[in-house]
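Colleague: I'm new to this one, could you walk me through it once it's on the screen?

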Amino acid sequence: MQELHSLGEERLEVLKILYPWYKEEVFRRREQMMRLTAFASAFLVLLLVTMLAVPSAAHSDVTGALFAITGVALFTAIFAYLILQQRDRHRMAKQALIEIERAMGLYEEGLYATGKSLYPEEWQTAWHADRSVIVYLTVLAALTVLVVAAVLLRP
C-alpha cells in the first residue's frame, strides 16, 4: 500500500513539473501565431503603401506583374503555413495541458474547494471554439488581395 501511495506521489510530482512547461508552451505557441501574423501583415501593408506612393515605371509589363503577384502569393502562403503549423502545435500542447489538469484533479468538484472545482468545467472544451486562427488568416488573405489588386490596377 505504501508503494502505491509513493508511486502516486511520484506521478503527481512529475505532473507538477510538466504542468508549467505545457502551460508556457500553450502561451508561447499562441504568441508565435500572433507575431507571425503581425510581421506578415506589416510587410504587406508596407508593400501596399510603397506601391501606392511610388509612381510606376513607364513600361510596366505583364511579366513583372505576374512575378510580383506570385511572390506575394508565395509570401502569404508560407506565413499561412507557419501559422497553421503553430496552431497544430498549440492544440497538441493544449490537449496535453488539459490531460495534466485532469490528472491533477483541477476539474474535480470538492478536491480543492468545497462544493466546486478549482477550474471551470468549460475550460476543458472552450479552446475548440477559438477562432483566432481564422482571423489571422483572413487578415493575411485580405491584405494579399489588396496588394494583388494594387499590382493589377497600377498604370
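Colleague: Which residues have the most contacts inside the largest nonpolar core?

Modeller: In this predicted model, the largest nonpolar core has 18 residues, and those with the most contacts inside it are Leu44, Phe79, Ile83, Leu140 and Val147. Helix H1 (2-53), H2 and H3 each supply at least two residues of this core, and H3 gives the most, with seven residues.

Colleague: What is Val147 in contact with, leaving aside its neighbours within four places in sequence?

Modeller: With those neighbours set aside, Val147 is in contact with Leu44, Leu47, Leu48, Met51 and Val72.

Colleague: And how do the axes of H2 and H3 cross?

Modeller: The axes of helix H2 (residues 62-103) and helix H3 (residues 132-153) come within 10 Å and cross at roughly 175 degrees, and because angles over 145 degrees count as roughly antiparallel, H2 is roughly antiparallel to H3. Residues making the contact include Ala65, Val72 and Phe79 of H2, and Tyr136, Leu140 and Val147 of H3; the residues of this contact divide into 16 nonpolar, two polar and one charged.

Colleague: Switching topic, how many aromatic pairs are there in the whole structure?

Modeller: A search finds five. One of them joins Tyr107 and Tyr119, whose ring centres are 5.8 Å apart with planes at 75 degrees, so this pair is edge-to-face. Both of these tyrosines are in the loop between H2 and H3, 12 residues apart.

Colleague: Is Tyr119 buried or exposed?

Modeller: Tyr119 is buried, with a relative accessible area of 14%, whereas Trp123, with 44%, is partly exposed. The rings of Tyr119 and Trp123 have their centres 5.0 Å apart and their planes at 50 degrees, so that pair is tilted.

Definitions and conventions:
Residues are numbered from 1 along each chain as its sequence is written. This is a predicted model: local features need pLDDT of at least 70, side-chain atom pairs count only at pLDDT 80 or more; totals for chains, interfaces and linings use all residues. Side-chain values use heavy atoms; hydrogens and water are left out. Axes are lines fitted to C-alpha atoms, for helices over the stretch in contact, and angles run from 0 to 180 degrees between N-to-C directions. Helices (H or I, at least four residues) and strands (E, at least two) are DSSP runs, numbered from the N terminus. Angles under 35 degrees count as roughly parallel, over 145 as roughly antiparallel, 65 to 115 as roughly perpendicular and the rest as oblique. Contact means heavy atoms within 4.5 Å. Ala, Val, Leu, Ile, Met, Phe, Trp, Tyr, Cys and Pro count as nonpolar, Asp, Glu, Lys and Arg as charged, and the others, Gly among them, as polar. A nonpolar core is a set of buried Ala, Val, Leu, Ile, Met, Phe, Trp, Tyr and Cys residues joined through side-chain atoms within 4.5 Å. Buried means under 20% relative accessible area, exposed over 50%, partly exposed in between (1.4 Å probe, protein chains only). Rings of Phe, Tyr and Trp (its six-membered ring) pair if their centres lie within 6.5 Å; planes under 30 degrees apart count as stacked, over 60 as edge-to-face and the rest as tilted.
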